Amino acid sequence: MDDSTKRLLQQLVRRIPTQMLKTTLEKWGRLTTEQQKSLDFTQPKWVLTENLLAFCEENGWTTKHITELEMIYVTDSPNQGMWYAFQLLDPEDDAPSVELTQFKEQFKIHLTELIRHVSIKIKKHTDEAVWIRIAWGDSFSRPNHLKPTYVVHHLQTPYVFMSSVTRKQKPLLSQALVLATRYTAIKDAHLSGRKLTAIRDVVMKQYQQVFPTKYPSPLLEQNQTASNPLIKREQAESSENRHQMACEAFGYGMVPQLQTAVYKLETKFRGITNKTMTERGEPIRCVVKFTSTNLLESFRNCASSGIASTPVTPLLSSITQKGRNFFVITDNGRGPS
Amino acid sequence: MERHSSVAETPVNSVMVQRRSGSKSFRQSYRSCVGAASHLGYTPGLTTRRLTTSRRAPRSRTVTESVNPEQLSLLVKKEWQLSYVTPLHHFRHTQLRSYSRQLLAFIVAEKQQGLAVALEGAESSLKVVFSVVEGMATTDDDADTVLIQIHSKSVFASQDDPRRLVWSGWLTCINGSPDYVRSLPKDFVCLPLLCSSGAQWLTSLVKSWLERAFDCCIGSLDINSVNLQWLAALWTNCHPESNIGQLKLMWTLPVDPPLEIAFTVHPQDAWELWSSMRGQLQEEEQENEGVGEGAGDKDSVDIDEVTRFIDGLKNHFYRHFRLDLSAGTLSQVSTALGTAKHSGRIKISSSSYMNATLMLLTECALLKMPV
């Protein structure tokens with residue numbers, strides 16, 4: 001067992017929070033029952049690390065085993081780091097029939113053709129998602145396991161999510177994915193966030209959506225604040241309408257937790273009183289960035305409380321309708337899609 | 001040159017201006033100039049009359065030429081927390097050495113409360129230095145800026161080892177209201193703005209020592225949205241002479257969870273919007289009055305121009321997002337010249353236009369003082 005394996009294990013144990021360490025090790029299953037029992041999870045982390053390094057020697061674990069453990073951990077807590085969504089385009093005729101074994105084989109073959117020294121690990125998670133871990137090397141060095149790339153692809157859908165990919169690695173990875181899934185091209189879906197589950201839900205519309213109905217029945221507001229019943233009665237209809245439109249635009253109940261939305265605007269000045277500027281004709285360049293711990297919920301509250309005028313402007317509702325959070329807006333219409 | 005038009009315009013027969021009977025005190029002099037409501041009043045009529053309605057457009061380089069560049073480098077590119085300080089009683093610029101010793105003794109004593117302290121020959125790990133930053137004052141009435149630095153060294157280091165700066169702060173007055181400063185009794189020195197940076201426990205110790213030694217009051221100073229708008233406009237005004245990089249305004253909306261909106265405008269576009277607002281306002285004034293405003297237009301900036309500028313930006317935003325930014329609070333303004341936050345933090349990134357910024361902050365401090 002060499003130094004790099006030790007280092008990898010050390011880094012990994014440091015990364016995993018102690019509460020999760022026990023379950024992750026159990027799932028991994030490479031500790032004997034004695035060893036498992038001897039670990040005391042109330043001790044400080046460095047003690048646990050020492051113990052695990054000792055077991056590593058005893059059991060003769062290799063890098064392969066440690067990367068297995070890492071994959072288990074990342075799959076169980078995917079809401080870390082930054083994830084970027086991509087969409088595959090123009091499927092070939094046999095794209096819908098690609099299934100797991102074929103995808104696995106093809107991906108490995110294509111990627112190793114493009115770059116020789118890679119270490120690939122593919123695993124199918126319980127919910128139809130295929131997880132790929134890639135450690136990149138080059139002609140001079142072995143694969144670097146300390147900075148792996150993770151890719152998640154839902155078979156039968158054109159969506160791919162990537163995390164920790166450098167600019168040089170991206171084209172190789174994209175090429176391999178396109179060939180393995182039998183599509184023709186891949187494009188940036190302009191959606192990013194810290195939580196994989198959130199961006200997955202947004203792009204695949206797996207959240208509680210509300211559709212405009214002809215006979216609106218009032219949606220229950222999540223937090224019923226105590227208020228003056230007279231005001232409530234008077235404001236009832238307009239506040240119900242606002243709430244309805246807010247939910248149509250941003251979802252109902254628990255919404256996927258996005259953190260930011262960025263709009264790059266290059267549009268003509270639209271002030272009311274300023275003649276010089278409107279006559280000027282040249283666009284103003286600005287960037288608007290919305291940040292929140294739960295962006296969609298903030299927007300929904302803005303709309304239902306009236307801070308944002310309803311009906312919600314398509315610029316904001318595009319986040320859910322189009323499943324993206326990066327937009328370039330010019331006077332001629334939306335920018336690159 | 002009369003810059004604070006508010007002071008001149010305060011009407012004598014206004015109900016709010018109450019002359020306090022009793023002995024003379026500096027309390028009375030400022031209050032009588034300004035009006036009893038001070039920063040608590042919300043009546044728009046009086047507050048606008050009381051607020052500075054026009055300021056001098058910032059000029060670059062005034063500071064860089066007269067101040068020692070080494071000292072200047074200690075002040076820029078650092079984030080400072082602002083506080084206001086009421087006039088200091090018996091503060092002498094000549095006694096700085098003694099103050100250094102006193103402050104050090106105070107800090108050591110507080111740290112070792114209850115234990116006997118031997119000051120002479122104590123292996124103190126801290127060193128306090130008071131110094132004067134010359135050249136920052138713009139008028140004769142301004143007191144010289146005083147810089148306080150606290151260095152530390154490890155107990156095992158030798159005499160020659162470099163000390164690490166753990167805390168620094170400076171008291172300053174840049175273009176303080178001359179009426180007020182002159183009305184203070186002889187023993188008082190007016191240095192209303194305190195900028196501090198460093199560990200919180202040291203900041204509170206320095207503040208309590210200043211309060212005890214000079215019988216003053218120190219409180220936190222926040223920058224309200226009007227002043228943030230002023231800074232945005234004044235900084236944008238500098239663009240033709242020195243590139244401001246970008247104009248970034250941040251609002252916080254009071255929803256659950258709070259939404260933060262960062263609106264960044266390209267500097268050239270911000271400048272064009274600003275100058276067109278000014279041009280339009282001057283046109284309108286000329287139409288209304290039929291008399292040209294004359295020279296000095298380019299030199300002074302009016303609050304109307306500032307409000308229109310910010311409103312213009314908010315309107316542009318509204319046209320796109322149909323989100324009313326007035327529902328939120330302006331929490332931060334940032335350009336290449338500096339960053340100002342609503343919580344009372346300021347960072348001056350470039351020494352070129354420091355004066356104008358400090359002038360505005362000095363005025364904020366003078367207005368916020370409870371006296």
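Strands are DSSP runs of E of at least two residues, numbered from the N terminus. The model shown here is predicted.

**View 1. B:Val132 sits in a strand of chain B.** The strand is β4, residues 126-133 of chain B. B:Val132 has a relative accessibility of 22%, so this residue counts as partly exposed. Beyond its neighbours within four places in sequence, B:Val132 is in contact with B:Gln71, B:His93, B:Leu96, B:Asp144 and B:Thr145. B:Leu147 lies 15 residues from B:Val132 along the chain, yet their C-alpha atoms are separated by 5.9 Å.

**View 2. B:Glu79 forms a salt bridge with B:Lys341.** The closest N and O atoms are 3.0 Å apart. The two residues come from distant parts of the chain, 262 residues apart. B:Glu79 is in strand β2 (residues 79-85) of chain B, and B:Lys341 is in strand β14 (residues 338-341) of chain B. B:Glu79 is partly exposed, with a relative accessible area of 29%. B:Lys341 is also partly exposed, at 24% relative accessibility. A network of salt bridges links B:Glu79, B:Lys341 and B:Arg345.

**View 3. B:Asp141 pairs with B:Arg182 in a salt bridge.** Their closest N and O atoms are 3.0 Å apart. B:Asp141 lies in the loop between β4 and β5 (145-152) of chain B, and B:Arg182 in helix α7 (residues 178-183) of chain B, so the pair ties together parts 41 residues apart in sequence. B:Asp141 is partly exposed, at 24% relative accessibility. B:Arg182 is exposed, with a relative accessible area of 59%.

**View 4. B:Asp222 forms a salt bridge with B:Lys368.** Here the closest N and O atoms are 3.4 Å apart. B:Asp222 lies in the loop between β9 (218-220) and α9 (225-237) of chain B. B:Lys368 belongs to helix α12 (residues 354-368) of chain B. The pair therefore ties together parts that are 146 residues apart in sequence. B:Asp222 is partly exposed, with a relative accessible area of 33%. B:Lys368 is partly exposed, with 24%.

**View 5. Chain A meets chain B.** The contact takes 40 residues from chain A and 33 residues from chain B. The two chains bury about 3200 Å² between them, with 58% of it on carbon and sulfur atoms. The count of salt bridges between the chains is 1. A:Arg285 forms a salt bridge with B:Asp269, and their closest N and O atoms are 2.9 Å apart. There are 12 residue pairs in polar contact between the chains. On the chain A side, β7 (260-268), α10 (275-280), β8 (283-291), α11 (295-305) and α12 (314-321) each supply at least two residues. The largest share, 9 residues, comes from β8(A). By class, the chain A side has 19 nonpolar, 14 polar and 7 charged residues.

**View 6. Domain 2 of chain A touches domain 3 of chain A.** Domain 2 covers residues 83-203, and domain 3 covers 229-330. Their centres, taken over C-alpha atoms, are 33 Å apart. The contact takes 12 residues from domain 2 and 11 residues from domain 3. About 930 Å² is buried between these domains, and carbon and sulfur atoms give 58% of that area. A:His190, A:Lys195 and A:Val202 supply 53% of the area that domain 2 buries against domain 3, more than any other three residues. The interface has 0 salt bridges, but 5 residue pairs are in polar contact. On the domain 2 side, β6 (183-193) and α8 (196-203) of chain A give two or more residues.

Terms used: Residues are numbered from 1 along each chain as its sequence is written. Chains are lettered from A and ligands numbered from 1 in the order in which they are written. This is a predicted model: local features need pLDDT of at least 70, side-chain atom pairs count only at pLDDT 80 or more; totals for chains, interfaces and linings use all residues. Side-chain values use heavy atoms; hydrogens and water are left out. Domain bounds come from an automatic or database domain assignment. Contact means heavy atoms within 4.5 Å. Buried area is the accessible area (1.4 Å probe) that two parts lose on being put together, summed over both. A salt bridge is a side-chain nitrogen of Lys or Arg within 4 Å of a carboxyl oxygen of Asp or Glu. A polar contact is a pair of N or O atoms within 3.5 Å; within protein, one must be able to donate a hydrogen and the other to accept it, and residues adjacent in sequence count only if both atoms are side-chain atoms. Helices (H or I, at least four residues) and strands (E, at least two) are DSSP runs, numbered from the N terminus. Buried means under 20% relative accessible area, exposed over 50%, partly exposed in between (1.4 Å probe, protein chains only). Ala, Val, Leu, Ile, Met, Phe, Trp, Tyr, Cys and Pro count as nonpolar, Asp, Glu, Lys and Arg as charged, and the others, Gly among them, as polar.
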